[in-house]
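Open the model in a viewer and keep the selection panel at hand.

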Amino acid sequence: MTATLIDGKAFAASLREQVGELAGAFEARAGRKAGLAVVLVGEDPASQVYVASKAKQTVACGMASFEHRLPQDTSQDALIALVDRLNADPAVDGILVQLPLPGHLDEQAVVARISPDKDVDGLTPTSTGRLALGLPGLVPCTPLGSLMLLKDQLGSLSGLDAVVIGRSILVGKPMAQLLLAENCTVTIAHSRTKDLPDVVRRADIVVAAVGRPEMVKASWLKPGATVIDVGINRLPPEPGAEKGKLVGDVDFAEARAVAGAITPVPGGVGPMTIAVLLRNSLVAAYRNEG
Ligand code: GUN
């Protein structure tokens, strides 16, 4: 069997197109553009690339982008003061503080300071609690994008066995909540899980979000399983090459012979994250405008 490739790039492009149309309608109604503020502290190269891409796609969708780049040695008080200003700014509908923050900053306290009405990352205690309670709210972008791909591929997920590998606040935990809400039987596996290959082999749906290159092998998969690979890992460069190859958490070359459907890396989940961020920003704008 050769797995169907799940084209996150095309899905994200059509989602951005829908967001663009709704952003135009919002501007006509509110007399201003929906606005997304992104805060980046420090010089982390990967974060710089993500933030630049977020800003570019925000503007391309007809929304206003407010970028705040702060130096590495920014104090906790200064960062909290910026979040407070953005919370109070009526031109800002969504606030995203790019993670990870430099080690001297208290990430949890900063995120918790974001107004839940502007929490387009879905990471505040209020958003997390609403998701766990099954109440409407803003949902983290990568898991929501992954769920959209799964539902597009499989239709109803009800009754399916899902294994989420990874228990992060950004992906693993909210992904498990979303799958549970779709009536999956959900297992969260992690670095201390015993017999991980056996656990994964039970799954109709595998979501890999561990950040370990090509860790999930074809022999771990139930034939026909749907595989969502959230990992983006850069391998060391081959001799003579400037940059290493980007690979996921799944050994794609061998897994595609066993899986029923699989997301490639790049071009799978990655493009969905920003598209969902733009969608969440517009949802927040409509809600905040009343
Ligand atoms: N760093 C990597 N992914 C994300 C994300 O989705 N949101 C935030 N805030 N930081 C990230």
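Predicted model: local features only at pLDDT ≥ 70, side-chain atom pairs only at ≥ 80, totals over all residues.

**Domains.** Select residues 31-118 as domain 1 and residues 141-270 as domain 2, the two parts into which the protein is divided. The C-alpha centres of domain 1 and domain 2 are 28 Å apart.

**Annotated region.** Next select residues 140-287. An unreviewed UniProt entry places the feature "domain: Tetrahydrofolate dehydrogenase/cyclohydrolase NAD(P)-binding" there.

**H6 and H7.** Now show helix H6, residues 141-154, with helix H7, residues 172-181; their axes are 8 Å apart and the packing angle is about 40°. The crossing of H6 and H7 is right-handed. Display side chains for Pro143, Leu144, Ser146 and Leu147 in H6, then Pro174, Met175 and Leu178 in H7, which make the contact. By class, the residues of this contact are 6 nonpolar and 1 polar, with no charged ones.

**H2 and H10.** Finally, select helix H2 (residues 45-60) and helix H10 (residues 270-289). How do the axes of H2 and H10 cross? They come within 10 Å and cross at roughly 50°, so H2 and H10 are oblique to each other. The crossing of H2 and H10 is right-handed. On the H2 side, pick Ser53, Lys54, Gln57 and Thr58; these meet Ile274, Leu277 and Leu278 of H10. The contact of H2 with H10 has 3 nonpolar, 3 polar and 1 charged residues.

Technical notes:
Residues numbered from 1 in each chain as written. UniProt positions renumbered as here; feature names shortened; annotations may be inferred. Axes fitted to C-alpha atoms, helices over the stretch in contact; angles between N-to-C directions. Helix = DSSP H or I, 4+ residues; strand = E, 2+ residues; numbered from the N terminus. Parallel < 35°, antiparallel > 145°, perpendicular 65-115°, else oblique. Left-handed = near helix turned anticlockwise from the far one by under 90°. Contact = placed C-beta atoms within 7 Å. Nonpolar A, V, L, I, M, F, W, Y, C, P; charged D, E, K, R; others polar. Domains from an automatic or database assignment.
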